[in-house]
Amino acid sequence: MVLTPGPVDFKEKWKGLEQTINGILRLDKIPRDEWYTRFNDIYAMCGAYPDPHHFELYDSTKSLLEKHVIKLLSIVQSEDTANLLQDYHTQWQNYRKSVNDLNSLYRYFNTMIVTKNNLLKLNREDPFPNESGHKMIGELGLVIWKRHMIVPLKDSMSKILLDEIDKHRHNISTTTTLSIISDVLNSFVEIQSNKPHKALKFYQMYFEKSFLEKASEYFKFEASKLVKKCTVSQYMVEVLQIMKEEGFRSKTYFHDSTYNKLQLKWRQHMVIDCLSFLRGEFEAIINEERLDDMHNIYLILREVKDESILLANIFREYVQQHGIKVIKSLKKYQIHIHFVEEVLDLHKKYRTIVIEKFNNDFLFSEALDRAFSVIINYRLVENQPSKSPEYLSEYCNNLLKKSYKGISEAEIDHKLSQSITIFNYLHDKDIFHRLYQWNLAKRLIFQLTQSIDEEEAMINKLKQVSGYAFINKLHQMFTDIKVSEVLNRIFHNEFLKKLKLKKLDFSFSTYVLQTGAWPLTSTTESSFVIPKQLMACVENFELFYSEKFNGRKLTWLHHQSKGVLKLNYLPKMYIVTMQMFQMLIMLLFEDCNTLKYFYCVVLFFSFKLS
């Protein structure tokens with residue numbers, strides 16, 4: 001329904017509205033028809049023509065609220081002082097609800113009058129230069145509550161609040177719950193909610209300042225008492241418990257801004273002022289690995305930067321010395337296994353302490369890393385390089401070889417993943433790269449690898465922490481092996497048949513490896529002569545390769561080759577795997593049982609095997 005502006009009898013309209021407002025302040029249930037009627041009355045008074053009544057409406061509402069709050073003040077003051085907080089709390093809860101309802105009833109007044117005027121003032125256009133600015137009715141209600149209720153009670157209420165909090169602090173019986181205290185304190189903030197930049201000013205002035213002063217006195221007294229009767233371990237437990245209880249009360253019942261200020265007071269009086277008492281136990285706590293004390297001392301000192309650094313340095317020095325003792329006491333038999341596994345156990349132990357007792361704090365994580373950097377790269381013999389890259393490479397080699405038995409693939413993968421922890425600390429990563437590449441070459445050439453999947457998984461692990469150039473070479477090695485398998489298949493199944501060459505009397509395969517990817521060298525000094533039994537297959541493969549890859553040159557690495565022979569000269573036949581040079585000597589006896597010694601000596605010297 002749209003109301004047409006016209007003349008309005010303000011006194012008549014106000015009489016009905018006043019009755020409704022009093023009902024709202026008494027928390028009576030207002031019938032819907034009455035609510036809509038009063039809403040329309042406010043609209044009519046604000047839009048009356050030719051003279052709107054919004055100023056009279058505002059002043060009359062303000063006067064009514066002031067009378068109501070003054071009446072409530074007399075009720076609160078007339079009661080026993082011991083119940084002042086409970087009475088204030090009750091009246092505040094009722095008043096806040098009624099003001100919220102009243103603000104809804106005055107929605108048109110708030111929107112069309114106050115907001116419009118504020119916008120005009122923002123543009124420096126004051127339509128009513130002789131009138132004071134209007135507040136929204138909800139805001140007006142809070143201002144009146146502050147002026148006529150809180151300000152008259154501020155001194156007595158502040159003292160009672162502090163006394164009640166002190167009773168809770170010392171577990172003294174009281175009828176005032178912390179939730180009542182919380183609501184009372186929130187009222188100090190809510191009355192300033194219309195001024196965001198000053199929202200906490202009243203709360204800080206009339207409560208927080210006095211509360212923090214009293215808390216400081218409490219912290220000083222407790223610290224003095226505890227230092228005299230407690231050990232450092234006991235003191236830390238008591239001090240943390242005090243802050244836990246104070247912090248809980250602050251976070252749950254006070255404004256959020258109070259907690260950090262309270263913590264500063266606690267830290268100053270119970271930690272910083274007692275540092276000489278605490279420092280004397282730093283080294284004992286770390287060196288004796290008193291885990292609970294480690295956690296407590298960290299919690300106490302974590303915001304005291306210089307002391308945290310001192311504690312982290314003590315931790316680093318202790319871990320470092322302990323680790324060096326472990327390195328010096330390693331058993332010589334299979335030392336690579338003892339080195340990796342004992343260092344990993346040590347790292348796991350102290351990493352757990354850093355995470356659980358020092359909350360994975362950066363200072364202590366860094367201290368742990370610095371300690372293990374020294375431990376892992378420690379030189380057992382002065383002026384000689386660390387053996388760590390060699391031990392780690394051999395450890396990985398053993399895990400990846402076929403000869404490693406009695407362990408599942410999952411366990412091997414776990415051990416390899418753990419070995420990366422040590423790799424990350426190595427200073428001489430290039431040495432490890434060289435050794436690992438050489439061991440991988442032997443595993444691939446001599447078919448010693450336990451699983452290609454495990455090999456590739458390890459390379460992927462190294463890929464995350466190594467340079468691209470190194471990993472690229474390892475990938476190329478795998479590619480060469482796969483390509484070689486295809487070449488061998490084509491050589492036997494297609495090339496020999498196509499040229500109608502005689503089928504080989506024995507199995508033959510070769511690996512074609514790229515020079516830059518493999519850590520292999522040719523032996524140009526040896527005047528090795530290929531045995532006649534192998535001559536045909538070597539010549540045929542060279543012909544096959546030259547046709548398939550024009551311009552490429554093959555260099556045979558006989559010292560990296562091996563063969564399998566059947567030995568029939570003994571009562572029992574044996575199958576023996578041997579190196580190429582060894583096989584050459586044995587093949588000399590293929591057609592005879594004896595050779596002259598002179599011939600053998602010349603042969604040995606020509607191969608530089610003597």
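Helices H20 and H21 (residues 468-498) pack with their axes 9 Å apart, at an angle of about 160 degrees. H20 is therefore roughly antiparallel to H21, and the crossing between H20 and H21 is left-handed. Keep in mind as you look around that this is a predicted model.

Who touches whom here? On the H20 side the contact uses Ile-452, Glu-455, Glu-456, Ile-459, Asn-460, Leu-462 and Lys-463, and on the H21 side Phe-470, Ile-471, Leu-474, His-475, Phe-478 and Lys-482. Sorted by class, the contact of H20 with H21 has seven nonpolar, two polar and four charged residues.

The axes of H19 (residues 429-445) and H20 (residues 452-463) come within 13 Å and cross at roughly 165 degrees. With an angle over 145 degrees counting as roughly antiparallel, H19 and H20 are therefore roughly antiparallel to each other. The crossing of H19 and H20 is left-handed too. From H19, Phe-432, Tyr-436, Leu-440, Arg-443 and Leu-444 meet Ile-452, Glu-455, Met-458, Ile-459 and Leu-462 of H20. That contact of H19 with H20 holds eight nonpolar, two charged and no polar residues. Ile-452, Glu-455, Ile-459 and Leu-462 turn up in the contact with H19 and also in the contact with H21.

Next, the loops, where a few backbone details are worth a look.

Asn-171 isn't a glycine, yet it has a positive phi of about 60 degrees. Asn-171 sits in the loop between H6 (137-169) and H7 (178-190), and is exposed, with a relative accessible area of 71%. Asn-360, again not a glycine, has a positive phi of about 55 degrees. The loop that holds Asn-360 runs between H15 (335-357) and H16 (362-376), and at 41% relative accessibility Asn-360 counts as partly exposed.

Methods: Residues numbered from 1 in each chain as written. Predicted model: local features only at pLDDT ≥ 70, side-chain atom pairs only at ≥ 80, totals over all residues. Heavy atoms only, no water. Axes fitted to C-alpha atoms, helices over the stretch in contact; angles between N-to-C directions. Helix = DSSP H or I, 4+ residues; strand = E, 2+ residues; numbered from the N terminus. Parallel < 35°, antiparallel > 145°, perpendicular 65-115°, else oblique. Left-handed = near helix turned anticlockwise from the far one by under 90°. Contact = heavy atoms within 4.5 Å. Nonpolar A, V, L, I, M, F, W, Y, C, P; charged D, E, K, R; others polar. Buried < 20%, exposed > 50% of the residue type's maximum accessible area, 1.4 Å probe, protein only.
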